[in-house]
Amino acid sequence: METSTKAAHDFLSFVNASPTPFHAVESAKKRLIAAGFLEVKERYDWTSTCKPGGKYWLTRNGSTILAFAIGMKWKPGNPIAMIGAHTDSPTLRIKPISKSQSEGYMQVGVETYGGGLWHSWFDRDLSVAGRAMVKTEHGRFVQKLVKIDRPILRIPNLAIHLDRQDPFTFNKETQLLPIAGMVAEELKRLGIDTESKDEARDVEDSQARFMPLKKLTERHHLYLVSLIASHAGVRPEEVIDFEMILYDTQKACIGGLHNELMFGQRFDNLGMSFCSTMGLINSVKSPSALEEESSIRLISLFDDEEVGSMTAQGAFSNLLPAIVRRLSVLPSANTDESEMFSTAYEQTVATSFLISADMAHAVNPNFAGKYEARHRPEMNKGTVIKINAQARYTTNTPGLALIQEVARRRNVPLQLFVVSNDSPCGSTIGPMLAAAMGTRTLDLGNPQLAMHSIRETAGTHDVEHAINLFESFFEHFSELEAKIMVD
């Protein structure tokens, strides 16, 4: 089957614009708005807002986004076709007090977030991105996204001449500390005697008002705070605090002898976040797309999956169950009192279906023995269905019947994956959402190499495969759901 690289190029633009979950949500939001989706907010009543035929989106914490389109033939208690993914990836996060210096170097304290391949972060051109909370002149506190586009940090390796250890090991607290520059240069910039051994401190007014916490410029290097403020479009004193993570400034790109590969960061799980967003958008592109639809088409891109999802914006939160509950009782286009029955939510979750979309493992030719011999997915051979007898994934045979028919209708190839019995197995948001909601669920994702590395590898053509699969899922779910009767 022929595929183009257009979708892959669009995906890489999405990745390069999205170094943090906050930016990923912003990137998804722009695409949804361009496709005619309207914003709704959790804090308001939706009864008079969300109507059959409408398309909507909402965010939580600025790092999780949910979008849905309501079929014109929707009735309370009808099914919802859902795809869940996540916006976060393993990274290094700047500590609340990050200012550090040693041996003449300015350094920045960082925390590990998630289970990264941390050795891959050494000797990379790193920068910072995230959000800053800013106090406006009217006394309001607003979020500003920040992305510093030039390398400002680096974690240096130790020369092989000084340590020939094999394998390479290091202390994540003391030896994974980025350098930001030289103390002498910072002192020179501030016009302070360069013989001084102490970094310049902010001159504070002795009559300054009480501050519950130390000033940002005491907790972090002054120039780092200034850079963040500049990229937020405000003065340093207007920045109340920030959440900043490190990212690799080398852009994601097309590679391979025949342009069949993609190299970059955060493919897990921006790959599935992008494909599910575009699958939803493509499924409602036609003006008549929702005319005969009796279901709701929904995507939910969660934050904090890499650290267990147990946050207000994670998949373990009440977000998806709460939204499904609100949607389950939305009146139809021709509403009457008889529709507003008390079991609408229970009926909706019993008939709905969730695809848990998270990137999968492609076989690594240098470590093929780590994979189960008959389940070795290849890149560009299609989306991977993930199965695990210990319920680390949620796939079962009714789900397999559904997804195969969905894929057949768009000629999308599929692959199967299980881990070897002597290998550990990761998990996804699938099991926790299936348990919380009682909704039928299936786990899948596109294959990739070097998952959780700062530079991952994936297949160019698999982007289009997944978008087509998700589009077909949304378009055909209402018909297929009624044919797969397993109670």
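## Largest pocket

About 850 Å³ of space lies in the largest pocket of this predicted model. A pocket is, on a 1 Å grid over the protein atoms alone, an open set of points where a 1.4 Å probe fits, with protein on both sides within 12 Å along at least five of seven lines; its volume is the space filled by probe spheres set on the points. The lining comprises 32 residues, and His361, Tyr371, Pro424, Gly426 and Met451 lie nearest the centre. By class, 14 lining residues are nonpolar, 11 polar and 7 charged, with Gly counted as polar and Tyr, Pro and Met as nonpolar.

Strands are DSSP runs of E with at least two residues, and helices are runs of H or I with at least four.

Strand 16 pairs in the parallel sense with strand 17 (residues 414–417) over 4 bridges, pairing requiring at least two DSSP bridges. Val384 has Gln415 of strand 17 as its bridge partner, and Val384 also stands opposite Gly445 in strand 18. Strand 18 (residues 440–445) runs antiparallel to strand 16, with 2 bridges.

## Strands 2 and 3

Strand 2 (residues 55–60) has 5 of its 6 residues buried. Strand 2 and strand 3 (residues 64–70) pair in the antiparallel sense over 6 bridges, and Arg60 stands opposite Thr64.

## Basis of the values

Residues are numbered from 1 along each chain as its sequence is written, and side-chain values use heavy atoms, without hydrogens and water. In this predicted model, local features need pLDDT of at least 70 and side-chain atom pairs count only at pLDDT 80 or more, while totals for chains, interfaces and linings use all residues.

Conventions
1 Å grid on protein atoms, 1.4 Å probe; cavity = no way out; pocket = protein on both sides within 12 Å on 5 of 7 lines; lining within 4 Å. Buried < 20%, exposed > 50% of the residue type's maximum accessible area, 1.4 Å probe, protein only.
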